Every structure is written in C-alpha cells, then in structure tokens.
Amino acid sequence: MGNGVEGDKTLQSICYKRGSLRLLDQRKLPLETTYLDIQDAKDGWEAIKEMVVRGAPAIAIAAALSLAVEVSNLASFNGTSDDAATFLRKKLKYLVSSRPTAVNLSDAAVKLNEDIDKAAAKAKEAKSVFQAYIEATEVMLEDDVMSNKAIGSYGAIFLQNHLTDLQKITILTHCNTGSLATAGYGTALGVIRALHAEGVLERAYCTETRPFNQGSRLTAFELVHENIPATLIADSAAAALMNAGRVKVVIVGADRVTANGDTANKIGTYSLAVSAKHHGIPFYVAAPLTSIDLSLSSGQQIVIEERSPKELLHTRGGLGEQVATSGISVWNPAFDVTPANLVSGIITEKGVITKNGDDTFDIAEFVRKTSGNS
C-alpha cells in the first residue's frame, strides 16, 4: 500500500507499506528530495514537531502510521489485549501533543481509540488489537486521498457555477495544501488542480508564506511539477495584486474550523481574508470534515501554536544564517484565526458549506445531513 501522485514518486510526502514508513523531509525542498525512515511514535512525533511533515491531513496520517509501524515491528509484547489497548492509547495521546492547533490529528486519535476499544473488547490477545489498529490506519490513509479528490471536484464545480462573467479563473492561495500537505492530491490546491484539468484556470498565485516559506518552497514546487500556470508573490504583495484586479478568488486550507465557521490556518491567512473582503473578492476555505471541530463554538477557543524565534531570526525558516540582530524579542504564531464573516464558503468532501440568509454558517446541520453519505 502506498500513496502519492500517480506516476510521480517525488510528490509522495508519505511512503508507507506495512511495517515501513518514510516521510519526505519537506524542510529541504525544493533543492533536495530526502526521505527519513520512521521507526516508531517517537520518530513520528519529532518529524511532525520539526516540520519534516506538515499540513493538517498529512500530520494526522503520519502520526497514525508511525505508531502502526512501531507495533508492526514489535519483537514481543508482554501483556493482555487490554494492555495493548492502553499502550496504543498512551502513544496516541503523546502524538497529539506534537502540534495542537490542527484538529485532524486529535480527530484521528479519537477515531482510532474507538477502533482500539472495539478490538480490545473482542480480542483474546494483544496481537489482535495491534492488527486492528494497523488496519484502521491503512483505511485512514486511503480515505484521505479519496476525500481530497472529492474536495477538488466539488470546489471546481461550485466555482464554475458561482463565478459569473469570467472566461477563466485566477486564484490566490496561501501556504501549502497540495499532495505534500495531505496523503495525496490536496485540499485548496486540489481545487486548483481540478480547475486546471477542466481548462478553466487562467493562473494560480501563491504566496511565499513567511517565515517557513511553505509557499515558495512547496506550493511553487507542486504547481510547476503539475504544469499549472503559476506565479509566486511575496506575502506583502497580496493586497496590491488584488487591487490590480488579478485575483478573482482566494482559496486556502484549514487546520481547524469551529462550529460557527471561524477558521485557523497558517499565519497570514487572516490578512488575506481582510484584504479580499475590502476588494470584494470571495474567500473560500477548502478542508475535509475532519478539520471541523464542533466542540468549539468560535475561533477564540482555538489553541494557537507558537513556533521557535529562530524561524524569524534566521533565513530558510530558521535553518540558515542569522539575519536579525541578537537580543530582539520575537512573536512567531504559526497560525491565525479568520472570522467566519470573512469566509464565503467551506469546500468539503461532501459539498460546499454556504451561509444562511443571516450571513452565518450552520456547520453542525451540514455535518448531520451529510454524515454517512458518500
């Protein structure tokens, strides 16, 4: 079992077969293509924390698979089925702590814990519980690719139907939401890919996405690889680009969407949404339903991860030479929250969530209506 873009191994961020997991070290792209062997949950935690793998869907899959590899290769386990379940639950809790803002990771842990409990209730030995866990993670891997392709399809159809008097569509996106941020295909970038395949995309603009440069290093890499007409801009050039009339729609991903539609995404997203509103440009979020957290009523409740000062003090997101003076204080939030009133719609694998007549989202009702539907 594997994943990635058909016919191209370089865009596989997650290379998995039972008992083996390799993660593409995205810190070194686009200049180097290096894979790291992940042996256990500890390796997975460190890879997620250090941005070897990033993107909310990919983080969840990588975490789950790192533990699957660990239990696949256990030489022995001295314990009962209940002991195996406890072992897995503790490891999952540890993995969730690697990056707290992305809800996909905690959502995956909740679902996998349910599978663990069911297996422990039936199994007579630890091996059966481990086997059930491994199989559940492999299903999760396959489902992620399918949901991303559905997001791309729904988004492309919706935009073609709702963006009038346009011969071709120009899109601005932020951060990286493609094959490198998911198990395959992508969310916001998946919509762009689908529009390109339909022949209706004029151009995609991507921001550099400071300070870690996911846009210039990763999104630009994917767009060029897919032969999609694309232009890279500085983060600070976005408003000028909009003012020049060169952007017709903004599409971004999400690490967490609350019940009211507030959206946590890569730092700089909020600025784009404010600018889009000012210029009368629709602003869409593309994300799987696993990114929706109905337990939070608004974005004020989202925990925002703060990253190392090195990412601002040094080039290449903290990996290169120092560029800022020593002793300066640094505030480096990894994400910001875009209020729902700035969001035009949320593109999911079950369809597009649009606003009611009172300009609010009823996300809980959408989830209820579409639950169980393919």
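**Note on the predicted model**

1. Phe212 is buried, its relative accessible area being 6%, where buried means under 20% relative accessible area, exposed over 50% and partly exposed in between, computed with a 1.4 Å probe and protein chains only. The residue is found in the loop between β5 (201-207) and α7 (214-225), helices (H or I, at least four residues) and strands (E, at least two) being DSSP runs numbered from the N terminus.

2. This is a predicted model, in which local features need pLDDT of at least 70 and side-chain atom pairs count only at pLDDT 80 or more, whereas totals for chains, interfaces and linings use all residues. Residues are numbered from 1 along each chain as its sequence is written, and side-chain values use heavy atoms, with hydrogens and water left out.

3. Which residues is Phe212 in contact with, leaving aside its neighbours within four places in sequence? They are Arg27, Met51, Arg217, Glu311 and Gly317, contact meaning heavy atoms within 4.5 Å. Phe212 and Leu312, 100 residues apart in sequence, are 8.6 Å apart in space from C-alpha to C-alpha.

4. For the protein as a whole, the secondary structure comprises 12 helices and 14 strands. The radius of gyration is 20 Å, close to the 21 Å given by the globule rule for 374 residues, so the protein is as compact as a globular protein of that length; the radius is taken over C-alpha atoms, and the rule is 2.2 Å times the number of residues to the power 0.38. The C-alpha trace spans about 65 × 55 × 40 Å along its principal axes.

5. Buried residues account for 54% of the 374 residues. Of the contacts with a separation of 6 or more, 75% are between residues 24 or more positions apart.

6. An open sheet of mixed pairing is formed by four strands in the order β11-β8-β9-β12, two strands being paired if DSSP finds at least two bridges between them. Its edge strands, β11 (292-293) and β12 (335-338), each pair on one side only. Strand β8 (residues 256-258) runs parallel to β11 and is joined to it by two bridges, with Ile292 in β11 as the bridge partner of Val257.

7. Strands β1 (residues 14-17) and β2 (residues 20-24) run antiparallel and are joined by four bridges, and Ile14 stands opposite Leu23 in β2. The two strands form a hairpin with two residues between them, and Gly19 in the turn has a positive phi of about 90 degrees.
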